[in-house]
Amino acid sequence: MSSPSTHLRQASVGIHLGALFPLLLLLIDSLLGRLSVNPIQDLTLRTGQVALILLLLSLSCTPLGRLTGWTWMVALRKPLGLYSFLYVSLHLLVFVGLDYGLDGLLISQAIAEKRYVLAGLVSFLLLLPLAATSTRAAQRRLGRWWRRLHWLVYPAAIAALLHYLWLSKVARVPILAAALLLALLLLRIPLLRQRLRRR
Ligand code: HEM
């Protein structure tokens with residue numbers, strides 16, 4: 001039977017491959033001119049979708065690991081979170097660089113006028129310190145504050161979902177994603193988790 005460290009190694013390889021694949025596909029599609037008639041929107045939507053999926057997967061690691069007893073899953077949180085941040089940064093770069101041509105005035109107008117842009121920005125600003133303190137050295141330096149700081153991932157996910165909900169014409173997918181986030185938050189409640197585990 002495989003050991004937890006083998007499972008962790010295999011899952012880590014799967015995460016690196018799975019997270020880099022959409023980026024590779026995006027590069028190939030861009031280079032070969034295979035994006036849609038609105039390539040900037042295509043890039044924005046695709047980077048945003050992958051960022052959100054990876055963020056929700058990262059949040060699932062701790063509750064799923066505790067529920068199943070596969071505690072090694074908790075270690076997958078960090079690579080998933082960092083890959084999510086990579087896609088969020090690309091998403092933002094496409095928005096400010098390609099979509100708004102680095103025009104500060106137009107960008108601030110968009111933030112002031114479109115609530116979904118503001119929600120996206122809040123989410124990005126909450127994720128930024130988490131990515132910046134993701135190293136072991138930062139974890140050691142911050143001590144118990146590190147855990148408290150990393151709770152910011154929940155408001156960041158809520159802001160990202162509001163961003164998605166406010167910009168979507170069809171609310172079905174964002175609502176499903178919000179339900180998943182709610183379930184993950186509920187699983188953080190120890191009593192509920194213990195009951196589910198006993199079942
Ligand atoms: C400053 C931060 C952000 C800005 C300016 C921004 C901007 C945008 C824009 C302009 C769109 C496309 C709207 C459209 O063409 O219909 C979009 C879509 C999206 N964004 Fe963001 N975003 C930001 C942050 C985020 C974050 C933090 C996440 C997730 C972690 C995210 C996830 C998404 C998703 C899932 C979509 C929709 C994809 C779809 O409709 O299939 N965004 N964003």
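In the predicted model, L90 makes contact with L23 and T47, when neighbours within four places in sequence are left aside. L90 is located in helix α3. Its relative accessibility is 26%, so L90 counts as partly exposed. A further relation involves L43: the C-alpha atoms of L90 and L43 are 8.9 Å apart in space, while the two residues are 47 residues apart in sequence.

Helix α3 also holds S84. The relative accessible area of S84 is 1%, and this residue is therefore buried, since buried means under 20%. When residues up to four places away in sequence are not counted, S84 touches A51, L54 and L55.

The metal site also involves helix α3. The iron atom of the ligand is coordinated by the NE2 atom of H91 and the NE2 atom of H163, at 2.0 Å. H91 belongs to helix α3 (residues 77-99) and H163 to helix α8 (residues 153-167), so the pair ties together parts of the chain that are 72 residues apart in sequence. The site of the iron atom has 6 donor atoms, and the angles among them run from 87 to 179 degrees. The geometry of this site is octahedral. Both H91 and H163 are buried.

Charged side chains were examined next. Side chains of opposite charge can pair when their charged atoms come close. The count of salt bridges in the model comes to 2. In one of them, the side chains of D29 and R34 meet with an N to O distance of 3.0 Å. D29 has a relative accessibility of 10% and therefore counts as buried. R34, in contrast, has a relative accessible area of 51%, so this residue is exposed, the cut-off for exposed being over 50%.

A salt bridge is also formed by the side chains of R46 and D29, with an N to O distance of 2.9 Å. This pair links distant parts of the chain, as R46 lies in helix α2 (residues 39-68) and D29 in helix α1, 17 residues apart. R46 has a relative accessible area of 21%, so R46 is partly exposed. Through salt bridges that share partners, D29, R34 and R46 are joined into one network.

With a relative accessibility of 47%, F21 counts as partly exposed.

Most residues other than glycine have a negative phi. The phi of L102 is near 55 degrees, a positive value in a residue other than glycine. L102 is found in the loop between α3 and α4 (104-113). Its relative accessibility is 65%, and L102 therefore counts as exposed.

Note on methods: Residues numbered from 1 in each chain as written. Predicted model: local features only at pLDDT ≥ 70, side-chain atom pairs only at ≥ 80, totals over all residues. Heavy atoms only, no water. Buried < 20%, exposed > 50% of the residue type's maximum accessible area, 1.4 Å probe, protein only. Donors = N, O, S within 2.8 Å, 3.2 Å for Na, K, Ca; no water. Tetrahedral: all angles 85-135°; square planar, octahedral: opposite > 155°, others 65-115°. Helix = DSSP H or I, 4+ residues; strand = E, 2+ residues; numbered from the N terminus. Contact = heavy atoms within 4.5 Å. Salt bridge = Lys/Arg side-chain N within 4 Å of Asp/Glu carboxyl O.
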